[in-house]
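This briefing goes through selected contacts in one protein chain. Please look over the sequence and the structure before reading the points that follow.

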Amino acid sequence: MAPPGLARVMGKSPAAVIALLGSPRLDRNEGRTRQLQYVGRGCVLDLFAVALPAGGAGLVSYAEARTPTGAKADPVACLEGIVPH
């Protein structure tokens, strides 16, 4: 279960996340994994969606955040700085 706040993006398709957050700074595929990267106030948020073996875009199932210097950051707080109000 996603922590409160991350429920906005966890379990959603990449298309739904892009509709909510806008165009990501980075959108790349590596194997079956799609990474969407957003920059917020003082943080970088990476969202990962893994495609199902049968194909399809997959759903966001993992999020991590870091500061611009690379230190670990809270993904929920980072997302709050990215979501349009």
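Arg66 and Asp46 pair through their side chains in a salt bridge, with N and O 2.4 Å apart. The model is predicted.

- Arg66 counts as partly exposed, at 27% relative accessibility.
- Side chains of opposite charge can pair when their charged atoms come close.
- The structure has four salt bridges by the rule applied here.
- One of them joins Arg8 and Glu80, whose closest N and O atoms are 3.7 Å apart.
- Arg8 is partly exposed at 38% relative accessibility, and Glu80 is partly exposed at 30%.
- Another salt bridge is formed by the side chains of Arg34 and Asp27, at 2.6 Å from N to O.
- Arg34 has a relative accessible area of 21% and is partly exposed; Asp27, at 37% relative accessibility, is partly exposed as well.

- Gln35 is part of strand β2, which covers residues 33-40.
- Its relative accessibility is 8%, so Gln35 counts as buried.
- The side chain of Gln35 makes a polar contact with the side chain of Asp46 at 2.8 Å. Asp46 is also the salt-bridge partner of Arg66.
- A polar contact at 2.7 Å links the side chain of Gln35 to the side chain of Arg28.
- Leaving out residues up to four places away in sequence, Gln35 touches Leu26, Asp27, Arg28, Asp46, Leu47 and Phe48.

**The largest nonpolar core**

- The largest nonpolar core has 20 residues, and those that touch the most other members are Val9, Val17, Leu21, Leu45 and Leu47.
- At least two residues of this core come from each of α1 (14-21), β2, β3 (43-52), β4 (55-66) and α2 (75-80).
- Strand β3 gives the most, with four residues.
- Val17 is in contact with Val9, Lys12, Gly22, Leu36, Tyr38, Leu47 and Val60, when neighbours within four places in sequence are left aside.
- Leu47, named among the core residues with the most contacts to other members, is touched by Gln35 too.

**The disulfide**

- One disulfide is found in a search of the whole structure.
- Cys43 and Cys78 form this link, and their sulfur atoms are 2.0 Å apart.
- The link of Cys43 and Cys78 is right-handed, with 95 degrees about the S-S bond.
- Cys43 sits in strand β3 and Cys78 in helix α2, so the pair ties together parts that are 35 residues apart in sequence.
- Both Cys43 and Cys78 are buried.

Notes:
Residues are numbered from 1 along each chain as its sequence is written. This is a predicted model: local features need pLDDT of at least 70, side-chain atom pairs count only at pLDDT 80 or more; totals for chains, interfaces and linings use all residues. Side-chain values use heavy atoms; hydrogens and water are left out. Buried means under 20% relative accessible area, exposed over 50%, partly exposed in between (1.4 Å probe, protein chains only). A polar contact is a pair of N or O atoms within 3.5 Å; within protein, one must be able to donate a hydrogen and the other to accept it, and residues adjacent in sequence count only if both atoms are side-chain atoms. Contact means heavy atoms within 4.5 Å. A nonpolar core is a set of buried Ala, Val, Leu, Ile, Met, Phe, Trp, Tyr and Cys residues joined through side-chain atoms within 4.5 Å. A disulfide is a pair of cysteine sulfur atoms within 2.5 Å.
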